[in-house]
Amino acid sequence: MKVQNPILKGFNPDPSIIRVGDDYYIATSTFEWFPGVQIHHSKDLVNWTLVKRPLERKSQLDLVGVPDSCGVWAPCLSYHDGTFYLVYSNVKSFDGTWKDTPNYLVTTNDILGDWCEPTFLDSRGFDASLFHDDDGRKWYLTLVVDHRKGRLFGGIEIQEFDPQIKSLIGPSCGIFNGTSLDCTEGPRLYKKDGFYYLITAEGGTEYNHAVTIARSSKITGSYEIHPQNPLVSCKDNPKHPLQKCGHGDLVQAPNGDWYIVFLVSRPLTERGRCVLGRETAIEKISWPEGGWPRLEAGGRLPRLTFDVEGTRDEQFNASYFDDFDRTDLDIHFQSLRVPMDNWMSLTARPGYLRLKGRESLSSFHHQSMIARRVQHFNIEVSTKIDFHPTTFQQMAGLVFYYNTGHFHYLHISKNKEGKRILYVI
């Protein structure tokens, strides 16, 4: 059976992967889109299905007013003793001198069910994670934001987490300042063969992005840097089809094989625009006992395809249709910043999706828009609309949306003669 990268196409960055029995789950960032965090499921690492968005209540995720591309960053999904844990940031501001990056934890015993109300952890940084040590202790890792002299990336810190009182306890400890690639973020911790292995994302989440790794015999360090870092990167290969490779996470298969998932982008031109956003890819790892992990194929570049064990055939559906004849919205749809409540209805007029107009596409607060990811470069989209505006300020239509400043909006409105007309903004 053959993996085809990226495995999660179209806006699925910052992957966090776990295996529970024969089931694999990947959590990815959703930024300002609601409900928050995408969780995909697979039995074979090849075929992935979107099964859950755990942050589905405003009490779990309040995104009103967050700027473009803020909100949910780098969720960390983990599992221990029958409980699923999800750590996530809800970034409130990022462009100024200071960064507002509160971090939270939610848990559940059923990954497809309801997740609990959030526990606030800290606001020191972002890209936080939770590590479950084999002695029963739990450790919280985070990038620390350092605003002094515009530094931003202040290194990786670790602090113990007490699940009984749901709080960080004891002192925090700086454990890693990164490599010469700089911009050290996205910490993930693993224990193997007597070593703690620390994976980080470095180089900045652009074309110099990379996955780096270090290890220590003590959880608090000091950490020795992999002599052949980075583990994964395309920074020196601008013609490779998969670019911006970084922000990785490791998982072990039942047969003992190791894999790494990481974000990638597919530019339209060499180091040009990546209109599908950052996506998720996978590679196989060679990790000898007591040694350093490396890509099984050698080098640092991810492959577009490679073989994995299994017998299932890959299922690819290139079309999608929704006639809105159900009482609940298809899981692939999300809204901007706010829950889909009293401004949207599938029952007020059966067979129709009714939207109540509110604020414009420029708003960071209360838009009436539902959308799904674009996953391929060449697509065709159509919809049927029943809309009769009474003023030029009333609009409804179809939008190809990147953020509040970048979109193509085909919409119905009213001209000065009082007639309905199609416009494009």
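# Notes on a predicted all-atom chain model

User: Alanine 297: what is its relative accessible area, and is it buried, exposed or partly exposed?
Analyst: Alanine 297 has a relative accessible area of 46% in this predicted model. Buried means under 20% and exposed means over 50%, so alanine 297 counts as partly exposed.

User: Where is alanine 297 found?
Analyst: In the loop between strand 23 (294–295) and strand 24 (305–307). Its C-alpha atom is 7.8 Å from that of lysine 284, a residue 13 places away along the chain.

User: Stepping back, how many helices and strands are in the protein chain?
Analyst: The protein chain has zero helices and 31 strands. Its radius of gyration is 22 Å, close to the 22 Å from the globule rule for 425 residues, so the chain is as compact as a globular protein of that length.

User: What does the C-alpha trace span along its principal axes?
Analyst: About 75 × 45 × 45 Å.

User: And what share of the residues counts as buried?
Analyst: 53% of the 425 residues. The chain exposes about 20100 Å², and carbon and sulfur atoms supply 49% of that area. As for contacts between residues at least 6 apart in sequence, 51% of them join residues at least 24 apart.

User: How many residues line the second largest pocket, and which lie nearest its centre?
Analyst: It is lined by 24 residues, and those nearest the centre are Ile18, Tyr79, Leu189, Tyr190 and Leu250. By class, the lining has 12 nonpolar, six polar and six charged residues.

User: How many cavities of 30 Å³ or more does the structure hold?
Analyst: One. The largest cavity has a volume of about 40 Å³.

User: Which residues line the largest cavity?
Analyst: Asp322, Phe324, Asp325, Arg326, Asp328, Leu329, Asp330 and Leu346. In terms of class, that lining has five charged residues, three nonpolar and no polar ones.

User: Arg326 in that list: how far is it from proline 350?
Analyst: Arginine 326 and proline 350 are 8.0 Å apart, C-alpha to C-alpha, with 24 residues of separation in sequence. Proline 350 is in the loop between strand 26 (344–345) and strand 27 (354–355).

User: Why does proline 350 count as exposed?
Analyst: Because its relative accessible area is 64%, and exposed means over 50%.

User: On to backbone geometry. What kind of peptide bond joins asparagine 5 and proline 6?
Analyst: A cis bond, with omega about -5 degrees. Proline 6 sits in the loop between strand 1 (2–4) and strand 2. The bond from asparagine 229 to proline 230 is also cis, with omega near -5 degrees. Proline 230 is in the loop between strand 18 (224–225) and strand 19 (232–233).

User: What is phi of arginine 271?
Analyst: Near 55 degrees, which is positive in a residue other than glycine. Arginine 271 is in the loop between strand 21 (258–265) and strand 22 (279–286). Its relative accessibility is 34%, so it counts as partly exposed.

User: And arginine 337: where is it, and what is its phi?
Analyst: Arginine 337 is in the loop between strand 25 (334–336) and strand 26. Its phi is near 70 degrees, again positive in a residue other than glycine.

User: Is arginine 337 buried or exposed?
Analyst: Buried, because its relative accessible area is 2% and the cut-off for buried is under 20%.

User: Last one, threonine 212. Where is it found?
Analyst: In strand 17 (residues 210–216). Threonine 212 has a relative accessible area of 1%, so it is buried.

User: What is threonine 212 in contact with, leaving aside neighbours within four places in sequence?
Analyst: Thr179, Leu181, Leu198, Ile199, Thr200, Glu202, Asn229, Pro230 and Leu231. Asn229 and Pro230 in that list are the pair joined by the cis bond.

User: How far is threonine 212 from alanine 253?
Analyst: Their C-alpha atoms are 21 Å apart in space, and the two residues are 41 apart in sequence.

Note on methods. Residues are numbered from 1 along each chain as its sequence is written. This is a predicted model: local features need pLDDT of at least 70, side-chain atom pairs count only at pLDDT 80 or more; totals for chains, interfaces and linings use all residues. Side-chain values use heavy atoms; hydrogens and water are left out. On a 1 Å grid over the protein atoms alone, a cavity is a set of points where a 1.4 Å probe fits but cannot get out, and a pocket is an open set with protein on both sides within 12 Å along at least five of seven lines; lining residues have an atom within 4 Å of a point. Ala, Val, Leu, Ile, Met, Phe, Trp, Tyr, Cys and Pro count as nonpolar, Asp, Glu, Lys and Arg as charged, and the others, Gly among them, as polar. Helices (H or I, at least four residues) and strands (E, at least two) are DSSP runs, numbered from the N terminus. The radius of gyration is taken over C-alpha atoms; the globule rule is 2.2 Å times the number of residues to the power 0.38. Buried means under 20% relative accessible area, exposed over 50%, partly exposed in between (1.4 Å probe, protein chains only). Contact means heavy atoms within 4.5 Å. Accessible areas come from the Shrake-Rupley method with a 1.4 Å probe; for residues, only the protein chains shown count as cover. Grid points are joined across faces, edges and corners, and a volume is the space filled by probe spheres set on the points.
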